[in-house]
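Please open the structure in your viewer and keep the selection panel at hand. The tour below goes from one selection to the next and says what is found at each stop.

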Amino acid sequence: VYTRLATPADATQLARLMQLFDNPPRSPQQQAELMRNAPHERAILAEWDGAIVGFLCISFTSMIAQPQPFASINDLFVEVAYRRRGIAKALMQHAGA
């Protein structure tokens, strides 16, 4: 499994995965716009044999009590056919790096 940060060029695949995850259908253009308008959130993608099969969304928030931003995981999804292969673990490890 290979993990990497999503870019607006990944909007088509991210929109597809988000719809499988239970989000409303979006066009690639709508997804790319949402990505550009969320400067404090990142999507990490998981690829298996070149196919994008999962994602993790992580957001960063400034806090009064901490000098560094606080990170929280908003979404984590792996396609059913690719589960139990360590993909979610790889996404979590990438988020923690």
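This is a predicted model: local features need pLDDT of at least 70, side-chain atom pairs count only at pLDDT 80 or more; totals for chains, interfaces and linings use all residues.

Begin by selecting helix α2, residues 28-36, where the buried residues are Q31, A32 and M35. These three span an arc of only 100 degrees around the axis, which means that they lie on the same side of α2.

The average pLDDT of the protein is 92, and 100% of the residues score at least 70. Among the elements, strand β1 (residues 2-5) has the highest mean pLDDT, 97, while α2, where the tour began, has the lowest, 90.

Next, turn to the largest nonpolar core, which has 13 residues, and pick out L14, L45 and F55, the members that touch the most others. At least two residues of this core come from each of α1, α2, β2 (41-48) and β3 (51-61), and α1 gives the most, with four residues.

Stay with F55 and show its contacts beyond four places in sequence, which include L14, L17, M18 and F21 as well as I44, L45 and L91.

For the last stop, select A95, which is found in helix α3, residues 87-96. Leaving aside neighbours within four places in sequence, A95 is in contact with I44, L56 and I58. Finally, compare A95 with A71, 24 residues apart along the chain, whose C-alpha atoms are separated by 9.0 Å.

Notes
Residues are numbered from 1 along each chain as its sequence is written. Side-chain values use heavy atoms; hydrogens and water are left out. Buried means under 20% relative accessible area, exposed over 50%, partly exposed in between (1.4 Å probe, protein chains only). The arc is that of the directions from the helix axis to the C-beta atoms. pLDDT is the predictor's confidence in each residue, from 0 to 100. Contact means heavy atoms within 4.5 Å. A nonpolar core is a set of buried Ala, Val, Leu, Ile, Met, Phe, Trp, Tyr and Cys residues joined through side-chain atoms within 4.5 Å.
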